[in-house]
There are 2 protein chains.
Amino acid sequence: MRHAVIMAGGSGTRLWPLSRKRRPKQLLRLFEGASLLQLARRRLEGLFAPENIWVITSANYIDQVAAELPDLPRGNLIGEPMGRDTANAIGLAANLLARRDPDATMAVFTADHIIRPQERFTAAIQAGLEAAESLPESLVTFGIKPHSPQTGYGYIRRGAVLGPGTYRVAEFKEKPTRAVAEAYLRSGAYYWNSGMFAWRARAILAEIGRLLPENARGLAELGADWAQLAGTEAARQQFERLRRVSIDFGVMERAARVLVVEMDCDWQDLGSWAAVAATRPADADGNVVVGASGLFVQTQGNVVVSEDQHLVVMIGVSDVVVVHSGDATLVCRRDAVEQVKDVVGLISRSHGAAYE
Amino acid sequence: MRHAVIMAGGSGTRLWPLSRKRRPKQLLRLFEGASLLQLARRRLEGLFAPENIWVITSANYIDQVAAELPDLPRGNLIGEPMGRDTANAIGLAANLLARRDPDATMAVFTADHIIRPQERFTAAIQAGLEAAESLPESLVTFGIKPHSPQTGYGYIRRGAVLGPGTYRVAEFKEKPTRAVAEAYLRSGAYYWNSGMFAWRARAILAEIGRLLPENARGLAELGADWAQLAGTEAARQQFERLRRVSIDFGVMERAARVLVVEMDCDWQDLGSWAAVAATRPADADGNVVVGASGLFVQTQGNVVVSEDQHLVVMIGVSDVVVVHSGDATLVCRRDAVEQVKDVVGLISRSHGAAYE
């Protein structure tokens, strides 16, 4: 059977004041009246049966996630006692679903991106699942075809072609400089590393066992007793002992049979308010409105965001981001949005942890 | 007996989005947790008994005013069917209180100013009431002693001295140019026209009768039947026939015996967000917070206003006014706040009358 695991663990301080410790980015309703998590789940329509869709998130968010995705079995929602990075999140999920379905094919998805159009996403995932099933020891990563020289993403260089849009991975590359990103774009042989994967559960467990044997042991123990352990102090202690490691660094970059399947989609990481603004068309003056209602007088290049259609009227102010939430509003120069994450700690200390 | 009439009829579109058609400026809680109307009433403590304090306002606001000032008799709240300017508001109030108390002394107050300190205010009002009682045909106006060359107010030139701080009025002056305002300030013989007055009810009714005889007849008819008329279509029609005219233009500038009593107070007309900001001390970077909670990072000269301690975080944005209300937020360049009143009509058309 094919299973999907949505990773929904991040906290997203860069989208303050909408995202908070208690209400992470994946739960924000900025698009189509749905949360990013709901959109991630909707993208899987027709690819996976609801009983085979899993979500791994912080134990703190489990109730909110259950409310957002009422069609998923509660037992498919995995609450981590603490974040120990993606290798451990994926490893725990792989253990749990392999125990239920030893021959499972497993695809891994993120919950904080906008990916369009749906048809191309579906086709690429379908191709990746088929590759993982026909080459059962391989690990498939999905590579986004770049149309601009982004410096904020990791890249994958493709190697030998195995089928239409399916290649061996020649090399993983760190975030490049601008000049290097332009060279990657020109060459046509590079993809953005999307953080989405497909493999047999057995294959990823084998590679974790080979490359991260201590983590593999801890994860196997947790998986064996998860029904009893979830939410307990014992689980917290076992988690704490797991070495933090990402799936890219810990497994993918060192694994034997890694493939890349091309996904030619508009793929946007919502890592900052500038990125959120980039998902929407601007008006003739370059003003962008997301989830809010905007009125602009003698202004250019502003971004207005809320979840509740709050009206923001801007007069004579340009290149400013305004984000409204019920108890706090951010007014930030557009080129300073990267500072938001640094300010959140300051706000917590000066105004109380509820704002964090 | 001494009576006070608080004029609370304005709508204050310049303080949008806090002030609305349904919630005028006088009801905003920006200072000391009280509305401007409550502060106006508190200033009268010790000067007038509650049963002798009257409020004249729009009929639309009567219930809100009653809730704000529960110690005043409901019969003292006069609801005008529509605004017909200050001569008619004052004339109606004078008719009503003269019918209850023919020898009444009457003082008239505004509800949209900050006036400090209380002791000087009380002393000046006391002096004005005494002048109105000892010279029973005179009309007393209160003149604010200027300490800066304001161009936004009307001025009064004083004439012969009648007692300590009490003078005949030599002349009323329109809003001056900057150079003229500076000359007024140097001369020491000019006061700001405060819009506050004291007189015998009989004296102001006589002058309205002499100078505005048609208005006087209409107002006398309304006053005679007010208990029956208030809130009716008949009252609305009678009001509509009253010629619009201000007390300054219609009466004070043409009346015979006009005095000015000096009030040496900090007197601030809250006519714009810039004026509201001027009532509060700024921090070391020139940022001002009124009724809100502010956090400023790399910013200067901002103003943050709300009624509910809403947190506003500003990063890298300077000289901007942010005003937060439940359903709308204004973000306006500080030197453009005079445009707010012009934008309110636009907002109403584009986003619905509830925002007006």
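Modeller: Let me start with a helix pair: helix H3 (residues 85-100) of chain A packs with H7(A) at an angle of about 45°, their axes 9 Å apart. Axes here are lines fitted to C-alpha atoms, for helices over the stretch in contact, and angles run from 0 to 180 degrees between N-to-C directions. Helices (H or I, at least four residues) and strands (E, at least two) are DSSP runs, numbered from the N terminus.

Biologist: Before we go on, what kind of model is this, and how do the numbers run?
Modeller: This is a predicted model, where local features need pLDDT of at least 70, side-chain atom pairs count only at pLDDT 80 or more, and totals for chains, interfaces and linings use all residues. Residues are numbered from 1 along each chain as its sequence is written, while chains are lettered from A and ligands numbered from 1 in the order in which they are written.

Biologist: Thanks! Back to the helices: how are H3(A) and H7(A) oriented to each other?
Modeller: H3(A) and H7(A) are oblique to each other. Angles under 35 degrees count as roughly parallel, over 145 as roughly antiparallel, 65 to 115 as roughly perpendicular and the rest as oblique.

Biologist: Is the crossing of H3(A) and H7(A) left-handed or right-handed?
Modeller: The crossing of H3(A) and H7(A) is right-handed. A crossing gets that name if the near helix is turned clockwise from the far one by less than a right angle, and is left-handed if anticlockwise.

Biologist: Which residues make that contact?
Modeller: From H3(A), they include Gly91(A), Leu92(A) and Asn95(A), and from H7(A), Ala216(A), Leu219(A) and Ala220(A) are among them. Two residues are in contact if their C-beta atoms, placed from the backbone, lie within 7 Å.

Biologist: What about H7(A) and H9(A)?
Modeller: Helix H7 (residues 213-224) and helix H9 (residues 233-241) of chain A pack at an angle of about 160°, with 9 Å between their axes. H7(A) and H9(A) are therefore roughly antiparallel, and H7(A) passes H9(A) in a left-handed crossing. Gly218(A), Glu221(A) and Leu222(A) of H7(A) make the contact with Ala235(A), Gln238(A) and Arg241(A) of H9(A).

Biologist: New topic, the two chains. How is chain A superposed on chain B?
Modeller: A rotation of 179° with 0.0 Å of shift along its axis does it, with an RMSD of 0.1 Å. The two copies are thus related as by a two-fold rotation axis. The superposition is by least squares on the C-alpha atoms of residues with pLDDT of at least 70 in both.

Biologist: And how many residues of each chain are in contact?
Modeller: 28 residues of chain A are in contact with 30 residues of chain B. The largest share of the chain A side, 6 residues, comes from S17(A). Of the interface residues of chain A, 100% are also interface residues in chain B, so the copies meet through the same surface.

Biologist: Nice. What's in the largest nonpolar core?
Modeller: The largest nonpolar core has 239 residues, and those with the most contacts inside it are Ala93(A), Val331(A), Ala93(B) and Val331(B). Such a core is a set of buried Ala, Val, Leu, Ile, Met, Phe, Trp, Tyr and Cys residues joined through C-beta atoms within 7 Å. Leaving out residues up to four places away in sequence, Ala93(B) touches Val5(B), Trp54(B), Ile56(B) and Ile78(B).

Biologist: Is Asn52(B) buried or exposed?
Modeller: Asn52(B) counts as buried, with 22 C-beta neighbours inside 10 Å. The cut-offs: a residue is buried if 20 or more other C-beta atoms, placed from the backbone, lie within 10 Å of its own, exposed if 12 or fewer, and partly exposed in between. Asn52(B) sits in the loop between helix H1 (36-42) and strand S2 (53-58) of chain B.

Biologist: And Pro70(B), buried or exposed?
Modeller: Pro70(B) is exposed, with 8 other C-beta atoms within 10 Å. Pro70(B) is in the loop between helix H2 (62-68) and strand S3 (77-80) of chain B.
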